Amino acid sequence: MGKRSHLESTEQRPKKKSKSEKPAKASKDKQENGDEKTVSYSDASALSEIPQSDIDSFLTENVIKIVDPSSPDASQFRPILSFDHLPECDAGLYAQLKTFSKPTPIQSTTWPLLFAGRDVIGIAETGSGKTLGFGLPCLKKLIDSKTSKKPCQPRAVIISPTRELAMQIYDQLVKFGGTEKTQVTCIYGGVGKDEQRRALQKAAIVVATPGRLKDLQSDGSIDLGKVNYLVLDEADRMLDKGFEQDIKDIVKPMPVSRRQTVMFTATWPRSVRDLAATFMKTPVTVTIGGDPSADPRANLRIKQVIEVVDGRDKEGRLIQLLAKSQRGHQSPEKVLVFCLYKKEAMRIENLIRNKGFSVAGIHGDLNQSDRFRNLDAFKKGNASVLVATDVAARGLDIPNVKLVINVTFPLTVEDYVHRIGRTGRAGADGLAITMFTETDKALSGGLINVLKAAKQDVPEALLKFGTTVKKKQHDVYGAFYKDVDMDKTATKITFDD
Ligand SMILES: Nc1ncnc2c1ncn2[C@@H]1O[C@H](COP(=O)(O)OP(=O)(O)OP(=O)(O)O)[C@@H](O)[C@H]1O
């Protein structure tokens, strides 16, 4: 793949005054010896030759918004429209990409920025390939910068809110980078520390949940002083009150000036934006689907059905829906059933099992090996129904989930968007059926906005609960966070470690 700088490349383009006539972008990166190294990125020649009108069409068709506070001309980074436009990298990093036809819009748009060393906030719908969006530049940065075979301190840290999501990110990095070359390690709570300590001794990339990372950092098992690539996946969750202090403690040894900071999510509530800015240096914000809006946006390929019901009718309705999805087909459909509380999840799982369906469960009261085992059974189709709390709401990429049923509405509309996003992934369609009761009515306004933005039907019965959106608290994630008795988090909300 030939490469040219932006200056050279613009000379090749049609005469139209191109917004992208800018020199290659460069930023500073701290090297192992402490000196700053310039990171430079320039378009591949094949990308330079694409007419600006094609680039503009791509940005318009995918409703891509790029806001770069350091430059009013946000289009100086041409999106990588094809895998042939990727910058050169050895170690076969791109070999696995051949299973896909082209980059997704969030990958196309954020890759050049990340290759150029910029801090990036990436906001794109659920199931749109954000993991590789931050993962591929992470692997490339590591491969490019490798000076010795045995790093004794990690260069990259990726933080995820749940253990299962951390493992999934780890699996993706291994698939693309290979364990040998990239020395990636995954650490999370709920299992022993000794093996993780041993693995950390040769880890270059650490994927972690915050609690365990902080633990191992506090006892001296890991030194993050050389980290120059930090990712907060599900960034709005990582910045909410449950995790904020852990994240602040974790990043202390890696000053913002010396690291590239990357935040990806499908929902970006205003309540976390100021806090996010304190972790980043002049980040570029990329939003697929338009301006980052106050109302979270659901994936448009998911059909959303809201059923306003009496709380006492929920179980009967659930069984009816399951019967339809499990018995009317050649093979039962994969259905994910969400509950809000762990005890509720256990009760619903038992109910479903007693009705003769093949079911597994995942929630915070299970030990970690059961959590992994049950998730795996669902992924492989050995159980066709998975009953989960919000521990499974974010990030999990389970193939072919046809239907999401919300038995109890989550605490925030953002969580709703993430829950239903377990279906309709990677270009597929999906269906989400949500039971909404009078007790959820304070969230009706937010839900109505999500439905309207996705051009979904809004039932009369839902409108009756009101269209006002409760103002978000300044310092908390979701208006209802305060209503939750935090002394009872063990039974209500799961913050992973
Ligand atoms: N370029 C691509 N073309 C097609 N599929 C892709 C591409 N990149 C990634 N995928 C696939 O898309 C699926 C969803 O990707 P991923 O889990 O990264 O989504 P996400 O945007 O992080 O979702 P969420 O917001 O739920 O965390 C995965 O199965 C992944 O392998």
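V335 has L403 in strand 15 as its bridge partner. Strand 12 (residues 334-338) and strand 15 (residues 401-406) pair in the parallel sense over 5 bridges, where strands are DSSP runs of E with at least two residues and helices are runs of H or I with at least four, numbered from the N terminus, and pairing requires at least two bridges found by DSSP. This is a predicted model, in which local features need pLDDT of at least 70 and side-chain atom pairs count only at pLDDT 80 or more, while totals for chains, interfaces and linings use all residues. Residues are numbered from 1 along each chain as its sequence is written, and side-chain values use heavy atoms, with hydrogens and water left out.

- The open sheet of 6 strands runs in the order 11-16-15-12-14-13, with parallel pairing.
- Strand 11 (302-308) and strand 13 (359-362) stand at the edges with a single partner strand each, so one side of each has no neighbour in the sheet.

**Helix 6 and helix 15**
- Helix 6 (residues 163-177) packs with helix 15 (residues 368-380) at an angle of about 60°, their axes being 11 Å apart; axes are lines fitted to C-alpha atoms, for helices over the stretch in contact, and angles run from 0 to 180 degrees between N-to-C directions.
- In this contact (heavy atoms within 4.5 Å), R163, E164 and M167 of helix 6 meet Q368, R371, F372 and L375 of helix 15.
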